[in-house]
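Q: Could we go through this structure together, beginning with the ligands?

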Amino acid sequence: MPASQPPRSQPSMVMPRHVAIIMDGNGRWARQRRMPRIAGHRAGVKSVRRVLEQCLEYGIEALTVFAFSTENWRRPQKEVGLLMDLFLTSLEREVQRLHQHDVRVRIIGDRSRFPAKLQNRIAEAERLTAGNSALTFTIAANYGGRWDITQAVRRLAESVERGELRAGQISEELLQGYLELADLPEPDLFIRTGGEQRVSNFLLWQLAYTEFYFTDTLWPDFDKESFLAATESFAARERRFGRTSEQVERQQGAQ
Ligand code: IPE
Ligand code: IPE
Ligand code: MG
């Protein structure tokens, strides 16, 4: 296959339904080129577009990307400001195209700390694309896994306070329903670029049984070949969910 041609999904390959990505390494990518960090973030937006296209091609139902963590406010104020600007302009630029591709866009995280204009754009993008069904594209912004669990617990406690629920009724399923992404299948594949092997407070609850894939490739360099390699690695794994290998093989044989 010539390199310019996008890879096609092989029907025989098991594809993840939901992919979650920590897009890391933008700053280092820029530094290697003696460019300001924001140039790396801008190049990173192109990688998001590429991966989105590939998810649509492969029939993947959900893509969730970590764009800004609750800890990223600790960065220099100038970088934070530029990241907010980039988020706003990228949303404005991309949303129509996403809509045309039947993509549902959603932002998870505490958006109350964002500039009002950005909050409005987020709401508009969500409203415009709410009925789309080819792919759910979730951007985690001012998101933290601990924040997510905390907000779910707070809302549950409020139900108990109002007398709608007894504490003894709280189960994993019930709590799960209050978390962000409650309506999506849990991520099957987690990818982190940029060489770091940590979760950095991303989807703590939802990653309980996700397959992890780490690569040294910096996010702006993460191309179609890279994503294909990640999905191939996923396809080669046996997911046992606590069972033995023999049980899984028997179950597969029965299908
Ligand atoms: C990830 O790239 C993007 C964000 C956290 C916004 P980084 O900015 O963390 O890049 P490195 O890790 O410094 O290379
Ligand atoms: C994680 O990347 C957050 C995002 C990609 C948005 P960081 O680069 O901020 O993570 P740490 O601080 O190195 O763990
Ligand atoms: Mg980083």
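Q: Which element gives the largest share of the shell around ligand 1?
A: The largest share, three residues, comes from H1. Helices here are DSSP runs of H or I with at least four residues, strands are runs of E with at least two, and both are numbered from the N terminus.

Q: Before we go on, what kind of model is this?
A: It is a predicted model, in which local features need pLDDT of at least 70 and side-chain atom pairs count only at pLDDT 80 or more, while totals for chains, interfaces and linings use all residues. Residues are numbered from 1 along each chain as its sequence is written, chains are lettered from A and ligands numbered from 1 in the order in which they are written, and side-chain values use heavy atoms, with hydrogens and water left out.

Q: Back to ligand 1: which helices supply at least two residues of the shell each?
A: They are helix H1 (26-32) and helix H2 (37-58).

Q: And which residues are around ligand 1?
A: Met23, Asp24, Gly25, Asn26, Gly27, Arg28, Arg37, His41, Ala67, Asn72, Arg75 and Leu83. A residue is listed if one of its heavy atoms lies within 4 Å of the ligand.

Q: Which polar side-chain atoms lie by its oxygen atoms?
A: One of arginine 37 lies 2.8 Å from an oxygen atom of ligand 1, and one of arginine 75 lies 2.7 Å from an oxygen atom of ligand 1. Polar contacts with a ligand are pairs of N or O atoms within 3.5 Å; within protein, one atom must be able to donate a hydrogen and the other to accept it, and residues adjacent in sequence count only if both atoms are side-chain atoms.

Q: What does the backbone of glycine 25 do there?
A: A backbone N or O atom of glycine 25 lies 3.4 Å from an oxygen atom of ligand 1.

Q: How much of ligand 1 does the protein cover?
A: The protein covers 86% of the 380 Å² of accessible area that ligand 1 has on its own, by the Shrake-Rupley method with a 1.4 Å probe; for residues, only the protein chains shown count as cover.

Q: Now ligand 2: where does the largest share of its shell come from?
A: Strand S2 (residues 62-69) provides that share, three residues. The residues around ligand 2 include Phe66, Ala67 and Phe68.

Q: Which side chains have an N or O atom by an oxygen atom of ligand 2?
A: Serine 200 has one at 2.6 Å, arginine 75 at 3.2 Å and arginine 192 at 3.3 Å.
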